[in-house]
Amino acid sequence: MEELQTQIIKPKLEKPKRFQVLLLNDDYTTMEFVVEVLMRFFSKNEESANAIMIKIHVDGEGICGTYSHDIAQTKVTQVTDFARNNEQPLMCVLRELSN
Ligand code: TYC
């Protein structure tokens, strides 16, 4: 007699990782430049760009947005290139979020 086998298959899909893009405070980048970055690369309006910039200035860091790895890494590269081309030492980094 043939044996009938059944198996329960667990879906092996991982939840996609998300990454925050952060700006770090420093003593030299101008406040106007940080506001410009937040509006140009993170689509903030002037009011929320100002609020985020002040938060970074006070706390040392601030979140610009949360993205897939590809998009987050592209933002970091674009912001860093833009800062260096304008002689600003602004630091932009990724932080992986725990799922
Ligand atoms: N601390 C800077 C200043 O006083 C302003 C600044 C804000 C720099 C945010 C970087 O990510 C930054 N000119």
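**Core, helix packing and loops of a predicted model**

Ser 43 is found in the loop between helix 1 and helix 2. Helices (H or I, at least four residues) and strands (E, at least two) are DSSP runs, numbered from the N terminus. The model is predicted: local features need pLDDT of at least 70, side-chain atom pairs count only at pLDDT 80 or more, and totals for chains, interfaces and linings use all residues. Residues are numbered from 1 along each chain as its sequence is written, and side-chain values use heavy atoms, with hydrogens and water left out.

Ser 43 counts as exposed, at 66% relative accessibility. Here buried means under 20% relative accessible area, exposed over 50%, and partly exposed in between (1.4 Å probe, protein chains only). The phi of Ser 43 is near 55°, a positive value in a residue other than glycine. Glu 87 is not a glycine either, and has a positive phi of about 55°. Glu 87 sits in the loop between helix 3 and strand 3. With a relative accessible area of 72%, Glu 87 is exposed. Most residues other than glycine have a negative phi.

Gln 88 is also in the loop between helix 3 and strand 3 (91-96). Gln 88 is buried, with a relative accessible area of 14%. Contact means heavy atoms within 4.5 Å. Not counting residues up to four places away in sequence, Gln 88 touches Tyr 28, Thr 29, Thr 30, Phe 33 and Ala 83.

The largest nonpolar core has 23 residues. Such a core is a set of buried Ala, Val, Leu, Ile, Met, Phe, Trp, Tyr and Cys residues joined through side-chain atoms within 4.5 Å. Leu 23, Val 37, Leu 38, Phe 42, Val 79 and Leu 90 touch the most other members. Two or more residues come from each of strand 1 (19-24), helix 1 (31-42), helix 2 (46-59), strand 2 (61-67) and helix 3 (69-85). Helix 1 gives the most, with seven residues. Leaving aside neighbours within four places in sequence, Leu 90 is in contact with Leu 23, Leu 24, Asp 26, Thr 29, Phe 33, Val 34, Val 37, Val 79, Ala 83 and Arg 84.

The axes of helix 1 and helix 3 come within 11 Å and cross at roughly 140°. Axes are lines fitted to C-alpha atoms, for helices over the stretch in contact, and angles run from 0 to 180 degrees between N-to-C directions. Helix 1 contributes Phe 33, Glu 36, Val 37, Arg 40, Phe 41 and Phe 42 to the contact, and helix 3 contributes Lys 75, Gln 78, Val 79, Phe 82 and Ala 83. By class, seven of these residues are nonpolar, one is polar and three are charged. Ala, Val, Leu, Ile, Met, Phe, Trp, Tyr, Cys and Pro count as nonpolar, Asp, Glu, Lys and Arg as charged, and the others, Gly among them, as polar.

The whole structure holds zero disulfides. A disulfide is a pair of cysteine sulfur atoms within 2.5 Å. The sulfur of Cys 64 is 5.7 Å from the closest cysteine sulfur, in Cys 92, too far for a bond. Cys 64 is buried at 2% relative accessibility. Cys 92 is buried too, with a relative accessible area of 7%.

Lys 15 lies in the segment before strand 1. Lys 15 is exposed, with a relative accessible area of 58%. Lys 15 and Ser 98 are 83 residues apart in sequence and 10 Å apart in space, C-alpha to C-alpha.
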